[in-house]
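Please keep the sequence and the three-dimensional view at hand while reading.

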Amino acid sequence: MRIVIDDKNNEELSKRHKQNNGTKLNVHIISFDSLSQMSYRRNLPKTVKYFEDTMKGVVLNGYNIVGDGTPQAFLPFLCGKTELEMPDTRKANSNNHYVDEVYPFIWNNYSEKGYVTMYAEDCFDVGTFSYRLNGFKNMPTNHYPRTAYGYVESKFGIAKCIGNEAAHNTWLNYISSYIKAYDKTTPRFALFHHAILSHDDMNLVQVADDDLMNHFKKHFENGDFDNDLVILMADHGNRFAEIRNTHQGQLEERLPFMGIFLPKNFQNTAIGKLYHDNLLKNKDKLSSPFDMHQTLLDILNVPTNKELTTPQLTSKRSLSLFREIPSSRTCFDAGIEKHWCSCMKWENVPNKPFYVQGVKAMANAFINKVNSLTSQERKLCSELKLKKIISSTWLIPKSEMLSYRGAADNDGFVPDLTGEVAIEFADFKIQLQTTPGDAIYDVTINYNFHTNAIVLNMHEVSHINKYGDTPHCIIDKNYFLATYCVCYDTIVNTGN
Ligand SMILES: [Zn+2]
């Protein structure tokens, strides 16, 4: 498969491009279906390493989906709206619209500014906008390989090989031919969404890691991305029922990979530096596909200097990743419904035997660790025992997420909240008192109910009541142990 250039269209585009006063960056989006950030890291480690370490792409850790499945990921991304906020395009309802008649796809904005456009998917039968929706009436973009994939599927079904070539390499070669065809002549906007390898299998996409990494390497080293915003992404994480029924699976479904690369040339401009600095500030903030829409608009229309240097208002749903996102932003602000929200909250640990035992095991693990630290000074510092647990809280997902089982309707609009996914792991904050010496400690511990594994972070321990004279015998000798040391003579003095 190769790109064929339409010279006449190209002339028209270059006329329009003269009016373009945006960043003039190309937009190059490579997407895989159903891969969480963790799944990308597990299955495509070489690609992710190249993207992060060599290209210095920025991966968004707070990127959270807003709905169930591929259209619910790409409609906010491409149109800035949900399906329900736009006219009906469902096949199930007759007399309604094709998607291109009523959806404001962002590639149209790019086309108006003189960009050549590409929308590519490698699955014909289950196309994002044509499986449940009516599909496009006309070719949506200048390049649109749907008919080619329709032909392949009619001959071979959903094929992992096309002729004697792995299908993902046919795909990558097609992408390369597109980059080459417009080699610095015409600005390009492209979204390549690949599903064959990753949609129905957790791990199969591993076979593409070397090829994908080399694809990035070839183009990056060749300078093909010198003027490109490159987005490496997924629409959502895995949605298999058995994975969704786990705590880990619920988090991964909601947190797909979203990586953004801005070229060095652009970062070296005054505007580009602000874009990149803000992107880094936003790396760990809550973000969503709605934000990607505003982010792409900021490529076409450069915000004012004030907008680039002032935090955005949380009252707006779509915030650009190239302007500062406030830390105070909530899922509600971002248009993320409760059952999709992966933000967590601190709650009291339930007073039930199962949890009480778990908290006790964590408290004892902490005390054992303290005793092992002081054991080298046992002649000076007493061994400690647990006196009591004062309070225990844990950081847990919203109950709506844990009870989300899937969609209750065919369109994915209505959530089925009858599930009961158990919390498998959590961070705990335990406040406890030890004896002798009556020290009170705040301890943060991670506990896995599945494996009973306890991870203690001794750097996050605080001794919150007064030490007084208790560690006087060790303080000059080993300052670090003062937090944990009760000198024997103070035990007599305090009557403990
Ligand atoms: Zn998908």
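A residue is called buried here if its relative accessible area is under 20%. The model is predicted.

- Helix 4 spans residues 70–79 and is mostly covered, with ten of its ten residues buried.
- These buried residues are Thr70, Pro71, Gln72, Ala73, Phe74, Leu75, Pro76, Phe77, Leu78 and Cys79.
- After helix 4 comes Gly80, which has a positive phi near 80°.

**Helix 3 and helix 9**

- Two packed helices are described by the angle between their axes and the distance between the axes.
- For helix 3 (residues 45–54) and helix 9 (residues 209–221), the axes come within 7 Å and cross at roughly 25°.
- Angles under 35 degrees count as roughly parallel, and helix 3 and helix 9 are therefore roughly parallel to each other.
- Helix 3 contributes Pro45, Lys46, Thr47, Tyr50 and Thr54 to the contact, while the residues from helix 9 include Leu212, Met213, Phe216 and Phe220.
- Sorted by class, this contact of helix 3 with helix 9 holds six nonpolar, two polar and five charged residues.

**Aromatic rings**

- Across the whole structure, a search finds 40 aromatic pairs.
- In one of them, the ring centres of Tyr103 and Phe105 are 5.9 Å apart and the planes stand at 65°, so this pair is edge-to-face.
- Tyr103 is buried, at a relative accessible area of 3%, and Phe105 is buried as well, at 1%.
- Phe105 also pairs with Phe129: their ring centres are 5.2 Å apart and their planes lie at 75°, so this pair too is edge-to-face.
- The pair links distant parts of the chain, 24 residues apart: Phe105 is in the loop between helix 5 (99–102) and helix 6, and Phe129 is in the loop between strand 3 (116–121) and helix 7 (146–156).
- Phe129 counts as buried, with 2% relative accessibility.
- Ring pairs join Tyr103, Phe105, Trp107, Tyr119, Phe129, Phe136 and Tyr144 into a cluster.

**Charges over rings**

- Arg317 lies over the face of Phe290, 3.9 Å from the ring centre.
- Lys429 has its charged end over the ring of Trp346, at 4.4 Å from the centre of that ring.

How values were computed
Residues numbered from 1 in each chain as written. Predicted model: local features only at pLDDT ≥ 70, side-chain atom pairs only at ≥ 80, totals over all residues. Heavy atoms only, no water. Buried < 20%, exposed > 50% of the residue type's maximum accessible area, 1.4 Å probe, protein only. Helix = DSSP H or I, 4+ residues; strand = E, 2+ residues; numbered from the N terminus. Axes fitted to C-alpha atoms, helices over the stretch in contact; angles between N-to-C directions. Parallel < 35°, antiparallel > 145°, perpendicular 65-115°, else oblique. Contact = heavy atoms within 4.5 Å. Nonpolar A, V, L, I, M, F, W, Y, C, P; charged D, E, K, R; others polar. Phe/Tyr/Trp six-rings, centres within 6.5 Å; stacked < 30°, edge-to-face > 60°. Lys NZ or Arg CZ within 6 Å of the ring centre and 35° of its normal.
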